[in-house]
Amino acid sequence: MVDRRTFGKILGSGTVAALGGLAAPPAASRAAGRAAVPTPGTLPGRGRPGATVPDPGTRAQPDFGPVRQIDAGELNVGYVEAGPADGRPVFLLHGWPYDIHSYTAVAPLLAAKGYRTITPHLRGHGTTRFRDAATPRTAEQSAFALDLVALMDALGIRQAVLAGYDWGSRTADIVAALWPERVKALVSVTGYLITNREANKQPLPPKAEWAWWYQYYFSTERGKLGLDENRHDLAKLIWTFNSPTWKFDDATFDRTAASFDNPDYVPIVIGNYRWRLGLAEGDPRHDDLEARLAKGPTIAVPTITLDGEVDPFTPPGDGAAYRARFTGPYQHRALQGIGHNVPQEAPGPFAQAVMDADQLR
């Protein structure tokens, strides 16, 4: 058993920058006083993974759209736009296994304050498609960042606020680190998520490794087949683990799960997790970018980082584990009782962070 202090030392030794998924795996000592996490070999709750007791007062899901399409780099990107066309642009970036609907409440809040929000489906999700069938379905971290820059160019946006969580945080972090002139400000859930594959070779405490079960599952052909055949229930299980206090209903989940029917969903998800573990190669065209990212570049743009208190991947130390990676104007906020999908669980605080980051000097 690794206590909080010992695990904090492990994180502070450089492992945070190395972690292939989120900024840090769960610390065993944070289990006390928090919602119960399922033990290995068990499913949370009863019945279908993540199923919730029907709430007779559940409101109809708000519309989020229409989804627009635009050619941008290798992709034809599906995205939703809200707010005035001449508003200050904000890109809202989702994670996995999620989609643009994480921002159904955030986008209207920002639009009402004069922001122009753009919420794209990442490669392999929703209505986003590769423009050429022959394009390799590579999924290294730099590919997502290049997708975002290409989308900004296609929309004629030189600079914007970037905000995201999970895969979205990583993508925003990379653009902020490599192309800071394109980023007005940054909101990054779980902080600094740029992957260092060499450092990823080092093992973590067993409880931390266990939380990444799906990453190792996806490294096998059985896991690839499992994702393909069980993409709905597997994602629902992960939603429940990631957000132990969020009582999402079936309608909320099903609306997002439709995005997993993308024909490139499986190769992108499998490719991303295998790449992080060094089990799959990236596109050689991106080697120079990945070499720069492997050095752990700092981020100098104005930044607010957010941690969900009950997110199993939030590192201990109230943001201290990644603080040194942000060298510009900076704030950190911990959200009590919130899990991994911060924008959907806490849209008000997330939107406020975007507006506040935009004002950081």
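What sits over the ring of Tyr 115? The charged end of Arg 88 does, 4.2 Å from the ring centre; such a contact requires NZ of Lys or CZ of Arg within 6 Å of the centre and within 35 degrees of the ring normal.

This is a predicted model, in which local features need pLDDT of at least 70 and side-chain atom pairs count only at pLDDT 80 or more, while totals for chains, interfaces and linings use all residues. Residues are numbered from 1 along each chain as its sequence is written, and side-chain values use heavy atoms, with hydrogens and water left out.

Tyr 115 belongs to strand β4, residues 115-120. Strands (E, at least two residues) and helices (H or I, at least four) are DSSP runs, numbered from the N terminus. Six of the six residues of β4 are buried, so the strand is largely enclosed by the rest of the structure. Buried means under 20% relative accessible area, exposed over 50%, and partly exposed in between, with a 1.4 Å probe and protein chains only. On one side lie Tyr 115, Thr 117 and Thr 119; on the other, Arg 116, Ile 118 and Pro 120.

Next, the neighbours of β4. Strands pair if DSSP finds at least two bridges between them. Strand β2, residues 75-82, pairs with β4 in the antiparallel sense over four bridges, and Glu 81 has Ile 118 as its bridge partner. Strand β3, residues 88-93, pairs with β4 in the parallel sense, also over four bridges; here Val 90 stands opposite Thr 117.
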